[in-house]
Amino acid sequence: MDNIRTLVILGASGDLTARLLLPGLGSLLAMQPEREITVIGSARDDFPGPLGPDDDVRAETWEETVAKAFASVAATGPAVDHTRENTHWVSCDVTEAADLEKLLGDVVGPVCLYFALAPAITKKACAALAELDSLPEDLYLALEKPVGTDLGSARALNAQVSQLVDEEHTFRVDHFLGMPGVLDIVGLRFANRLFEPVWDRRHIESIEIVFDETLALEGRGEFYDSTGAARDMLQSHLLQVMALTMMDPPSRFDAVEVPANTAHILRATRLWDEESATHAAEHPGITPVVRGRYTAGTVGGHEVPDYAREQDVDPNRETETFVQVTLEVDTWRWNGVPVTLRSGKAIGNPAQHIRVTFRRPPHEYAGWPHPTAPNALTVGFEEEHVQLETNVGSPFDSRGMNRLTLSSGVPEPGLTAYGSVMRWILDGDPTFTVRADATEEGWRIINLIQHAYDTCAPLQEYPAGSEGPRPA
């Protein structure tokens with residue numbers, strides 16, 4: 001694997017770069033002062049583009065944007081200074097082969113092109129790259145998810161990318177896989193003898209992966225109303241977290257086994273069958289798909305308008321701001337275990353966690369509480385907290401049977417989620433990338449959810465600040 005020395009961000013004038021990519025890079029450079037990275041920002045226009053609102057004060061330069069992003073995470077040190085001193089801007093229309101040829105002629109050493117672009121523009125950029133007579137031998141491509149906008153476009157884009165570089169030189173970025181809480185699951189499972197021996201259908205009752213938010217639309221109407229909660233959160237993030245949580249143990253953590261094992265989970269995923277006699281008997285009352293849209297309300301003391309009246313929203317689209325889906329991974333290890341994924345906006349008391357509920361003890365004792373409460377393991381996404389709920393005491397104890405929660409924080413990660421993504425990219429290590437077929441399986445699952453929307457999951461309304469639609 002090559003250590004990448006030049007990072008070229010295509011579409012660098014967008015919010016993603018200044019808010020997430022550059023701060024993540026800064027946190028990495030502060031941690032690893034020996035790195036020497038050149039960052040090239042690029043977009044069609046000169047940076048920063050048009051004049052500011054006063055028409056006489058120009059917005060900050062690209063170099064100032066980089067410095068500001070690094071300062072936002074208090075990044076200092078030799079590697080930070082080197083990148084600040086060697087960064088520059090190149091205007092480039094990524095849909096034009098001649099512009100891309102000129103851009104690539106400006107790089108030294110192993111290079112990564114980071115597509116901070118919409119899927120449609122990424123597709124055009126890949127087509128333009130294919131027109132070049134030659135590409136750098138040590139070229140990596142990093143694609144922000146979503147890959148494509150549906151199953152057909154994902155297949156087409158993956159086919160284009162495969163003609164440019166091989167799979168080991170391709171990063172399909174999901175920053176949720178870089179969240180410390182998600183990586184905690186990896187350590188809990190594979191660095192201990194406590195959990196992995198019971199990590200299957202014989203011992204686990206259910207799995208819940210939730211990412212609710214107090215945030216409402218926050219001015220993102222044009223993007224969100226054409227996307228919705230399922231495409232924005234489940235397809236791009238929660239399905240990948242589910243796959244990492246449920247994958248079979250790899251023989252090694254590398255760019256072959258981990259992406260293959262997570263793709264295998266997605267390939268075996270289907271909607272929960274509520275009409276199955278076995279499912280109904282063991283897990284009664286599960287509704288496979290619930291969707292909702294927030295109405296006016298109050299969240300955290302702030303008034304939130306009705307989603308249908310938000311700017312850039314077409315109420316006739318019936319775009320969901322809440323989705324809860326129960327799935328089944330139909331494999332020998334997981335068959336019959338309900339896996340619930342949920343994400344909602346404008347939620348009053350949001351949860352953001354991975355929660356694994358274990359089966360109850362197989363034998364009941366007379367005089368003991370019935371049913372005995374199950375053990376549960378909960379890992380927070382961003383607020384890193386690991387909790388294990390268990391039972392202590394007994395009816396023979398004067399205190400009776402009690403519920404005990406063993407809870408612990410973990411050391412500060414040092415890196416943001418995008419900091420981890422930047423580390424993997426700059427190390428040329430796609431272990432936690434999303435494989436091509438996994439992106440396509442994600443869209444297949446979204447198609448199943450969309451079919452449920454059209455047939456048996458009507459849009460329900462919930463007040464902003466509530467917990468979501470009642471059936472959830």
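Predicted model: local features only at pLDDT ≥ 70, side-chain atom pairs only at ≥ 80, totals over all residues.
The domain assignment divides the chain into domain 1, residues 6-144, and domain 2, which is made up of residues 177-414 together with 431-463. The centres of domain 1 and domain 2, taken over C-alpha atoms, are separated by 34 Å. The UniProt record, an unreviewed entry, places the feature "domain: Glucose-6-phosphate dehydrogenase C-terminal" at residues 188-470. Within that span, helix accounts for 26% and strand for 26%. The C-alpha atoms at the ends of residues 188-470 lie 34 Å apart.

Eight of the eight residues of β12 are buried, and the strand is accordingly described as mostly covered. Phe-322, Gln-324, Thr-326 and Glu-328 point one way from β12. Val-323, Val-325, Leu-327 and Val-329 point the other way, and the residues of both groups are all buried.

The pairing of β12 involves several other strands. With strand β8, residues 269-271, β12 pairs in the antiparallel sense over three bridges; here Leu-271 has Leu-327 as its bridge partner in β12. Strand β9, residues 289-295, also runs antiparallel to β12 and is joined to it by four bridges. One point of contact is Gly-292, whose bridge partner in β12 is Phe-322. Strand β13, residues 339-344, pairs with β12 in the antiparallel sense over six bridges. Is Asp-273 buried, partly exposed or exposed? Its relative accessibility is 36%, and Asp-273 therefore counts as partly exposed. Asp-273 and Val-379 are 106 residues apart in sequence, and their C-alpha atoms are 27 Å apart in space.

Five of the seven residues of β14 are buried, so the strand is largely enclosed by the rest of the structure. Strand β7, residues 204-211, pairs with β14 in the antiparallel sense over seven bridges, and Val-210 stands opposite His-353 in β14. Strand β15, residues 376-380, runs antiparallel to β14 and is joined to it by five bridges. His-353 stands opposite Gly-380 in β15.

A search of the whole structure finds three cavities of 30 Å³ or more. The largest cavity holds about 90 Å³ of space. Which elements each supply at least two residues of its lining? They are β6, residues 170-173, and α12, residues 417-426. The residues that line the largest cavity include Phe-171, Arg-172 and Val-173, as well as Val-421, Trp-424 and Ile-425. Asp-174, Leu-177, Asp-429, Pro-430, Phe-432 and Thr-433 are also among the lining residues.

The cysteines complete the account. With a disulfide taken as a pair of cysteine sulfur atoms within 2.5 Å, the count comes to zero disulfides. Cys-92 is in no disulfide, and the nearest cysteine sulfur, that of Cys-126, is 13 Å away. Cys-92 has a relative accessibility of 2% and therefore counts as buried, whereas Cys-456 is exposed, with a relative accessible area of 53%.

Note on methods:
Residues numbered from 1 in each chain as written. Heavy atoms only, no water. UniProt positions renumbered as here; feature names shortened; annotations may be inferred. Domains from an automatic or database assignment. Buried < 20%, exposed > 50% of the residue type's maximum accessible area, 1.4 Å probe, protein only. Pairing = 2+ DSSP bridges. 1 Å grid on protein atoms, 1.4 Å probe; cavity = no way out; pocket = protein on both sides within 12 Å on 5 of 7 lines; lining within 4 Å. Points joined across faces, edges and corners; volume = space filled by probe spheres on them.
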